[in-house]
Amino acid sequence: MIPFEYFRADTIEDAITAVSDRPDAAYLAGGTNLVDHMKLGVTDPTLLVDVGHLSLDRITELPDGGLRIEAGVSNTDVAVHPLVRARYPALARALLSGASGQLRNLATTGGNLLQRTRCVYFQDISTPCNKREPGSGCSAIGGYVRYHAILGGSEHCVAVHPSDMAVAMAALDAQVVVVGADGETRIPLVDFHRLPGDRPDRDTVLRHGQLITAVELPAPPDGARSTYRKVRDRASYAFALVSVAAELVCTDAGEISAARVAFGGVAHKPWRARLAEARLIGSPATEETFTAAADAELAEAQPLEGNDFKVELARRTVVATLRSLTESGTTEQVRG
């Protein structure tokens, strides 16, 4: 057993001070990812600062109609919250598609954003991995890559981000509220996670000691519909091969006036599909438009030998997701 110290923080300030003063310290909330990695030897913090008892467990409506979800709210509580289900169905669906009920009861909003990749080489400490040990090499390149990146990868890492929740939040223009020694700041979720580049060991732009305290969602546009679709190898308890979160607003004439789309399972971070969005906005809500949008986003995909099927899978998933939002009688319409 690897020994470590434990500190239960009673205030946000105490938690930040404890971690900031120790480069080998880590925050502990639900522990559904961190504890697994400690058992595997992937990480070995010598101080765990428990933030699970801080008062960060509320979901509140913002004055502009948006929603503030504090970092300690469980995935289950977010998924079943009436305002989330009514205004952000993509987020509720994403959360309910991830893990088991028991894990969702324990996992937190802040911890979900900080999940690390499920790359088999990252989790196997007997293999080289630049994410786990910078400069050691990437065993995935030339290896087993069924679940790996087709967008935004580098010669140093082709792992993908595992969160379903983060993909939906990326499509919904969420902001991550972060507190550090220098005060509070807000980071757009699309900028919160990093592409690997030559530093795949850094998953996010967080500095050591900074603590996620909340995620804020803007009010959805009038008439918006959103949903989340996840394609995986089995019906439950599996990470996405490809997932798509999308929100559309269509005029009475059938033209798309607003579109937000994000991919999961294809990149080192939730992938906001800006090129697809540009093709959608101002175009008719037709199968041809959806296909053209998918093709625009995937034109620069760089699949590896062994995961080239994901390009076509992503294309079909985007088209099917957008089609579902424009079919008459869909239940994805924002209410309230």
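Valine 249 stands opposite alanine 258 in β11. The pair sits in a predicted model, where local features need pLDDT of at least 70, side-chain atom pairs count only at pLDDT 80 or more, and totals for chains, interfaces and linings use all residues. Residues are numbered from 1 along each chain as its sequence is written, and side-chain values use heavy atoms, with hydrogens and water left out.

Strands β10 (residues 242–250) and β11 (residues 256–264) run antiparallel and are joined by eight bridges. Strands (E, at least two residues) and helices (H or I, at least four) are DSSP runs, numbered from the N terminus. Two strands count as paired if DSSP finds at least two bridges between them. The open sheet has four strands in the order β9-β10-β11-β12, paired antiparallel. β9 (225–231) and β12 (271–272) stand at the edges with a single partner strand each, so one side of each has no neighbour in the sheet.

**Helices α11 and α12**

Helix α12 (residues 309–326) lies across β9, β10 and β11, at about 35 degrees to β10. Axes are lines fitted to C-alpha atoms, for helices over the stretch in contact, and angles run from 0 to 180 degrees between N-to-C directions. The axes of α11 (residues 287–298) and α12 come within 9 Å and cross at roughly 140 degrees.

Contact means heavy atoms within 4.5 Å. From α11, Glu287, Phe290, Thr291, Ala294, Asp295 and Leu298 take part; they meet α12 residues including Val311, Ala314, Val318 and Leu322. The residues of this contact divide into eight nonpolar, two polar and four charged. Here Ala, Val, Leu, Ile, Met, Phe, Trp, Tyr, Cys and Pro count as nonpolar, Asp, Glu, Lys and Arg as charged, and the others, Gly among them, as polar.

**The five-stranded sheet**

A further open sheet has five strands in the order β4-β5-β8-β6-β7, with antiparallel pairing. β4 (59–61) and β7 (183–188) are at the edges, each with a single partner strand, so one side of each is left without a neighbour in the sheet. The twist averages 25 degrees from one strand to the next. β6 (residues 175–180) pairs with β7 in the antiparallel sense over six bridges. Valine 179 stands opposite glutamate 184 in β7.

**Cavities and a pocket**

The structure holds two cavities of 30 Å³ or more. On a 1 Å grid over the protein atoms alone, a cavity is a set of points where a 1.4 Å probe fits but cannot get out; a pocket is an open set with protein on both sides within 12 Å along at least five of seven lines; lining residues have an atom within 4 Å of a point. Grid points are joined across faces, edges and corners, and a volume is the space filled by probe spheres set on the points.

| Space | Volume | Lining residues |
|---|---|---|
| Largest cavity | about 80 Å³ | ten nonpolar, five polar, one charged |
| Second largest cavity | about 40 Å³ | two nonpolar, four polar, three charged |
| Second largest pocket | about 280 Å³ | eleven nonpolar, seven polar, three charged |

The largest cavity is lined by 16 residues, with Cys119, Cys129, Cys138, Cys157 and Ala159 nearest its centre. Lining the second largest cavity are residues including Gln115, Arg116, Val160, Asp203 and His268.
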